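Trainee: I would like to go through this model with you, side chain by side chain and then strand by strand. Could we settle each term as it comes up?

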Amino acid sequence: QVQLVESGGGLVQPGGSLRLSCAASGSIFSISAMGWYRRAPGKQRELVAAITSGGNTNYADYVKGRFTIPRDNAKNTVYLQMNSLKPEDTAVYYCNAGPVHRSVVVGIGGLYWGQGTQVTVSS
């Protein structure tokens, strides 16, 4: 079992920055990849960014150059650093992890999900 605890959401103006955190606990040795998904009102859940245990990353096209997914292995924590935020980035952001890295990386979603944290980009 893996538990994911998210933090860092909030309200930010367009062009601003925000950093989300996701701390994993439990059977973390089983995690091969972690990532961030988001779901905006009336829209389907979509992959934002992911990182494998080997350090390989995958970003959605719409966040390339704006978002990064650094991690701190010592703290079992992955971050989503969001820069140059746009109103269309407004969504609930979910941390995701799983034992099969492809499920997380390509947008299917791994077995474990965080509770979600709201990010609102508005002036």
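Mentor: A charge is said to sit over a ring if NZ of Lys or CZ of Arg is within 6 Å of the ring centre and within 35 degrees of the ring normal. This is a predicted model, in which local features need pLDDT of at least 70 and side-chain atom pairs count only at pLDDT 80 or more, while totals for chains, interfaces and linings use all residues. Residues are numbered from 1 along each chain as its sequence is written, and side-chain values use heavy atoms, with hydrogens and water left out.

Trainee: Which residue lies over the face of tyrosine 37?

Mentor: Tyrosine 37 is itself buried, its relative accessible area being 0%, where buried means under 20%, exposed over 50% and partly exposed in between, for a 1.4 Å probe and protein chains only. At 5.9 Å from the centre of the tyrosine 37 ring, the residue that lies over its face is arginine 45.

Trainee: How many aromatic pairs does a search of the whole structure find?

Mentor: The rings that can pair are those of Phe, Tyr and Trp (its six-membered ring), with centres within 6.5 Å; planes under 30 degrees apart count as stacked, over 60 as edge-to-face and the rest as tilted. With that rule, the search of the whole structure gives an aromatic pair count of two.

Trainee: What kind of pair do the rings of tyrosine 37 and tryptophan 113 form, and how many residues apart in sequence are the parts that this pair ties together?

Mentor: The ring centres of tyrosine 37 and tryptophan 113 are 5.2 Å apart and the planes stand at 65°, so this pair is edge-to-face. Strands here, like helices, are DSSP runs numbered from the N terminus (E, at least two residues, for strands; H or I, at least four, for helices). Because tyrosine 37 lies in strand S4 (residues 33-39) and tryptophan 113 in strand S11 (residues 112-113), the parts tied together are apart in sequence by 76 residues.

Trainee: Is tryptophan 113 buried, exposed or partly exposed, and which residues do ring pairs link into a cluster?

Mentor: Tryptophan 113 has 30% relative accessibility and therefore counts as partly exposed. The rings of tryptophan 113 and tyrosine 94 have centres 6.4 Å apart and planes at 85°, so they too are edge-to-face. This pair links distant parts of the chain, tyrosine 94 being in strand S10 (residues 91-98) and tryptophan 113 in strand S11, 19 residues apart. The cluster linked by ring pairs consists of Tyr37, Tyr94 and Trp113.

Trainee: How many salt bridges are there?

Mentor: A salt bridge requires a side-chain nitrogen of Lys or Arg within 4 Å of a carboxyl oxygen of Asp or Glu. One of them joins lysine 64 to aspartate 61, with the closest N and O atoms 3.1 Å apart; lysine 64 counts as exposed at 52% relative accessibility, and aspartate 61 is exposed at 65%. By the rule above, the count of salt bridges is four.

Trainee: Where do aspartate 89 and arginine 66 lie, and which residues do salt bridges that share partners join into one network?

Mentor: Aspartate 89 and arginine 66 meet through their side chains in a salt bridge of 2.7 Å, N to O. Aspartate 89 lies in the loop between strand S9 (77-82) and S10, and arginine 66 in the loop between strand S6 (57-59) and strand S7 (67-68), so the pair ties together parts 23 residues apart in sequence. Both ends count as buried, aspartate 89 at 0% relative accessibility and arginine 66 at 10%. Salt bridges that share partners make one network of Arg38, Glu46, Arg66 and Asp89.

Trainee: What is the N to O distance in the salt bridge of glutamate 46 and arginine 38?

Mentor: Glutamate 46 is partly exposed, with a relative accessible area of 32%, whereas arginine 38 counts as buried at 5%. Their side chains meet in a salt bridge whose N to O distance is 3.0 Å.

Trainee: Which residue stands opposite alanine 23?

Mentor: Two strands pair if DSSP finds at least two bridges between them. S3 pairs in the antiparallel sense over six bridges with S9, and strand S1 (residues 2-7) likewise pairs antiparallel over six bridges with strand S3 (residues 18-26). In S9, the residue opposite alanine 23 is threonine 77.
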